[in-house]
Amino acid sequence: NLVILTTSGPLTYNKDENGTINGLEHDLAEAFAEELGVAAEFILVTPEEIEGKLASGKGHLAIGWLPASPEGPFRTTAPIMQSRDIIIQHEASLPLDEIGDLHDKTVHALAGSRQLETLRQLQGKLPSLKVNEVKGTDIYALLEALNNHKIELAAIDSSLVDIATQFIPSLQATLELNEDQPIVWWFSASPNTELLERTRSFVQRAQTDGTLARLEDRYFGHVRRLKQPDIIKFLEKIGSVLPKFRQHFLTAQNITGIDWRLIAAVAYHESQWDPNATSPTSVRGIMMLTEETADRLGVSNRLDAQESIQAGARYINILLNMQAEEVREPDRTWLALASYNIGPGHFNSARSLAKLQGADPSSWYEMKRILPLLAQAKYAQRVMSGRARGGEAVILVENIRSYYDILVRNQPATPSPREKKVEQRGLKA
C-alpha cells in the first residue's frame, strides 16, 4: 500500500454523511496510487502531527494543503496549486483595506494551518496584532463562529472562500495577507528515490493532462455561479417553503433511491418550489415537466405537487439509467441533469458531437464545454440535430450542484421522527 498522511478538511480529506471520503488532494493521491498499481492507505493526523509522523517513517508521503517550505528537512513535489492567506469577516463589520488595519485586532486561525504561521510572522511587523490559535475544531465551525459574531476576524485559505460564502453568504473576504503560496506534497528527508521521482512526475503531468483541471472543476467549478442574493433567498425558502413539500421529496426518494435533497434542488431550480409554475414554453409544475414527459410518466395533473415531484424523480432515474455504463459518479448525475434540461435527444447529439471534437462524453468536465456548441447551427448540423440551448443546461447543472451542496449542509438525509409527525400533520391539513 501507499501510506499517505493527511489532515481533515474540505479539500484534503473529508468524510460525508454516508462515510464516503472525498477531497481534491485525496482524489489526486488516489489517482497516483492507481497509477502505481497499489492501494492508497490514508492515515488521518492533525496538522501539528504531520512533521513528526513523516520524519519517523509513519507514511510514504504527506498531503494536506501543505506549504512549500516545511520547517523540517523534508523533500517536496512541485506545486499542485497556488493559494493565498486571506482575512474573512462578517459583512456587517468594517472591511479591512491594508495590513495596518489589523492594529489591535484579534484574528483567529486553525492550529497547524499556514494562516496561523502567516499571522505570527505578521506580528513581527505589527506587534499589536493578536493571534488566536483555534484547536480541536474544523474550518466550518470557525466560520460559524464568525457568522454568529462570536469572533470578529478569521484567516483562511483563499481556495475556501467561495465554498465558505456559498454556505454562509453573510461572510466576505477582505484583506489578502500575502501573494500566492504553493501547495505541495511532502516526503521525508531520505525518501525512496523511485517513489519521489514518480510522484514528482505524476504531479507535473497532472498539471497538463487534465487530471488536476477535472478535480478543480469537481470541487470549485460550480461554487461561483450563485450570487449572494440567490443564496440568501434560497436559505430563506429552505425555512419557509421547503417544509411544505419535504415529505413529497422523501416519498420520491423512497420510490427512486435518489437523495431527496437532490430532487428538491432540481425542483427549486426549475420552479422555486412553486407547484403552479408555468413557463412560456408550457412546461409546468414544481418539477416543470413537459406535457410529453408528463404523459409518458402517467401524470394526470402537472400542477399537483406530489405527482410532479414523483414523476420528476422517476424521470431523473430514467435519465441516469440512460447514461453509458462507463460513466461514473458524480458525472453520471450531472450528465443526467443536463439531459433533464435539454432532453435526451439533444443530449445524445451532444455526446456524438463530443466524440467528433475528441472530447470524452462520459466526463462532465468535457461535456460542459461541448453542450453550449449545440446553440450554433454549424455544430448542430454536424450531428444532424436541431439547435439547442446547451449553455442553459450547463448553468442548470452548476446551480443545482450548489443548491444540493447547501441542502446537504443544512438538511439531514432523513428527518427526525418529530419532524415526520409535524410534516404529516401539515399534509393532512
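**Figure 1. Gln 272 in the loop between helices H10 and H11.** In this predicted model, Gln 272 counts as partly exposed, because its relative accessibility is 26%. The residue belongs to the loop that runs between helix H10 (260-271) and helix H11 (291-296). Although Gln 272 is not a glycine, its phi is positive, at about 60°.

**Figure 2. Trp 65 in strand S5.** A positive phi, near 60°, is also found at Trp 65, a residue other than glycine. Trp 65 is part of strand S5 (residues 61-67). With a relative accessible area of 13%, Trp 65 is buried.

**Figure 3. The cis peptide bond between Glu 329 and Pro 330.** Glu 329 and Pro 330 are joined by a cis peptide bond, with omega at about 5°. Pro 330 is located in the loop between H12 and H13.

**Figure 4. Helix H14 and its surroundings.** Helix H14 spans residues 344-356, 13 residues in total. From its first C-alpha to its last, H14 reaches 18 Å, close to the 18 Å expected at 1.5 Å a residue. Its buried residues are Pro 344, Phe 347, Ser 349, Ala 350, Arg 351, Leu 353 and Ala 354. Among the elements that cover them are helix H12 (305-322), helix H13 (331-342), helix H15 (364-370) and helix H16 (377-382). After H14 comes Gly 358, which has a positive phi near 75°.

**Figure 5. Ser 349 within helix H14.** Ser 349, a residue of helix H14, counts as buried because its relative accessibility is 10%. When residues up to four places away in sequence are not counted, Ser 349 touches Leu 374, Val 383 and Ser 385.

Figure 6. Helix H6 (residues 193-208) contains 16 residues and reaches 23 Å between its first and last C-alpha, close to the 22 Å expected at 1.5 Å a residue. Leu 195, Leu 196, Thr 199, Phe 202, Val 203 and Ala 206 are the buried residues of H6. They lie on the same side of H6 because they cover an arc of only 130° around the axis. In an α-helix there are 3.6 residues a turn, so residues three or four places apart point the same way. The buried residues pack against strand S1 (2-6), helix H1 (24-36), strand S6 (75-76), strand S13 (181-187) and helix H7 (211-220). Thr 193, Glu 194 and Thr 208 are exposed residues on the face of H6 turned away from its buried side.

**Figure 7. The ends of helix H6.** The N-terminal end of H6 is capped by Asn 192, which has a side-chain oxygen 3.0 Å from the backbone nitrogen of Glu 194. H6 is followed by Gly 210, with a positive phi near 95°.

**Figure 8. The nonpolar cores.** The largest nonpolar core comprises 114 residues, and those with the most contacts inside it are Trp 185, Phe 249, Trp 273, Met 287 and Leu 337. Helix H17 (residues 390-410) supplies the largest share of this core, with nine residues. Apart from neighbours within four places in sequence, Leu 337 is in contact with Leu 262, Val 266, Ile 316, Leu 396, Val 397 and Ile 400. A second, separate core has 14 residues, including Leu 102, Leu 119, Leu 126 and Leu 129.

**Figure 9. The salt bridge between Asp 180 and Arg 84.** The whole structure holds 20 salt bridges. One of them joins the side chains of Asp 180 and Arg 84, at 2.8 Å from N to O. The pair links distant parts of the chain, 96 residues apart: Asp 180 lies in the loop between strand S12 (171-176) and S13, and Arg 84 in the loop between strand S7 (81-83) and strand S8 (85-90). Asp 180 is partly exposed, with a relative accessibility of 41%. Arg 84 and Asp 180 also belong to a network of salt bridges that includes Glu 176 and Glu 179.

**Figure 10. The salt bridge between Asp 162 and Arg 224.** The side chains of Asp 162 and Arg 224 meet in a salt bridge of 2.8 Å, N to O. Asp 162 in helix H5 (residues 161-167) and Arg 224 in the loop between H7 and helix H8 (228-240) are 62 residues apart, and the pair links distant parts of the chain. Asp 162 is partly exposed at 25% relative accessibility, whereas Arg 224 is exposed, with a relative accessible area of 52%.

How values were computed: Residues numbered from 1 in each chain as written. Predicted model: local features only at pLDDT ≥ 70, side-chain atom pairs only at ≥ 80, totals over all residues. Heavy atoms only, no water. Helix = DSSP H or I, 4+ residues; strand = E, 2+ residues; numbered from the N terminus. Expected span 1.5 Å × (residues − 1). Buried < 20%, exposed > 50% of the residue type's maximum accessible area, 1.4 Å probe, protein only. Contact = heavy atoms within 4.5 Å. Arc of directions from axis to C-beta. Polar contact = N/O pair within 3.5 Å; in protein donor to acceptor, adjacent residues only side chain to side chain. Core = buried A, V, L, I, M, F, W, Y, C linked by side-chain atoms within 4.5 Å. Salt bridge = Lys/Arg side-chain N within 4 Å of Asp/Glu carboxyl O.
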